[in-house]
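Subject: A structure for you to look at

Hello,

Here is the structure I promised to pass on to you. Please open it beside this email and follow along as you read.

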Amino acid sequence: MSEPDTQTDQLLAAAEQGLAAAHHESELQKILAVQRASLQDLRTMRTALSQRNTHMERLALQLQAALAAQSGDLPRARQDMDAVHRQLRSMMLQGHAGGGKSLS
């Protein structure tokens, strides 16, 4: 093989390596984009679950208050409803409750 052929082969090999590296980087970028989207989905789910958990806690407190009132334990009913109101105020301050309505 002559010198120009060897140089051409070397240039072609370098070009092929560059194309392979660019393709590999492109594939990594696609994987990274999918991972970022998955992470955002997980964050969204975590927020939704946290809000649902808070809602369930509030419902449990309301149920406790109703049961206490029904059994005649009015101080306990008042205490549980006060806890519900504190939780709702906290949620509104954090922006979780809809409507921005005042609880006072």
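Below I go through what was found, from the whole protein down to single residues.

This is a predicted model, in which local features need pLDDT of at least 70 and side-chain atom pairs count only at pLDDT 80 or more, while totals for chains, interfaces and linings use all residues. Residues are numbered from 1 along each chain as its sequence is written, and side-chain values use heavy atoms, with hydrogens and water left out.

**The whole protein**

The protein has two helices and zero strands. Helices (H or I, at least four residues) and strands (E, at least two) are DSSP runs, numbered from the N terminus. Of the 104 residues, 11% are buried. Here "buried" means under 20% relative accessible area, "exposed" means over 50%, and "partly exposed" is in between, using a 1.4 Å probe and protein chains only.

The accessible surface comes to about 8500 Å², and carbon and sulfur atoms account for 58% of that. These areas come from the Shrake-Rupley method with a 1.4 Å probe, and for residues only the protein chains shown count as cover. Among contacts with a separation of 6 or more, 28% join residues 24 or more positions apart; a contact means heavy atoms within 4.5 Å.

Helix α2 covers residues 74-94, which is 21 residues. From first C-alpha to last it reaches 30 Å, close to the 30 Å expected at 1.5 Å a residue; the expected span is 1.5 Å times one less than the number of residues.

Which residues of α2 are buried? They are Ala-77, Asp-80, Ala-83, Val-84, Gln-87, Leu-88 and Met-91. Seen down the axis of α2, these buried residues fall within an arc of 135°, so they line one face of the helix. The arc is taken from the directions between the helix axis and the C-beta atoms.

The buried residues of α2 pack against α1. On the face turned away from the buried side you will find the exposed residues Leu-74, Pro-75, Arg-78, Arg-86 and Leu-93. After α2 comes Gly-95, whose phi is positive, near 85°.

Gln-64 is partly exposed, at 36% relative accessibility, and Arg-76 is partly exposed with a relative accessible area of 36%. Leaving out residues up to four places away in sequence, Gln-64 touches Arg-76 and Asp-80, while Arg-76 touches Gln-64 and Ala-68.

The C-alpha distances show this meeting too. Gln-64 and Ala-77 are 13 residues apart in sequence and 7.2 Å apart in space. Arg-76 and Ala-65 are 11 residues apart in sequence and 6.9 Å apart in space.

**Salt bridges**

Side chains of opposite charge can pair when their charged atoms come close. The rule used for a salt bridge is a side-chain nitrogen of Lys or Arg within 4 Å of a carboxyl oxygen of Asp or Glu. How many salt bridges does this rule give? The count is three.

- Asp-80 pairs with Arg-76, with the closest N and O atoms 3.1 Å apart. Both lie in α2, four residues apart, about one turn of the helix. Asp-80 is buried, at 5% relative accessibility.
- Arg-78 pairs with Asp-82, with the closest N and O atoms 3.5 Å apart. These two also lie in α2, four residues apart. Arg-78 is exposed, with a relative accessible area of 57%, whereas Asp-82 is partly exposed at 26%.
- Lys-30 pairs with Glu-27 at 3.4 Å, N to O. Being three residues apart in helix α1, they are separated by about one helical turn. Glu-27 is partly exposed, at 31% relative accessibility.

**A nonpolar patch**

Finally, look at Leu-39, Leu-42 and Met-45, which form a nonpolar patch on the surface with about 290 Å² of accessible area together. Patches are made of residues with over 30% relative accessible area and no salt bridge; like charges are joined within 9 Å, and nonpolar side chains (Val, Leu, Ile, Met, Phe, Trp, Tyr) within 5 Å. Leu-39 lies in helix α1, residues 3-70, and is partly exposed, with a relative accessible area of 41%.
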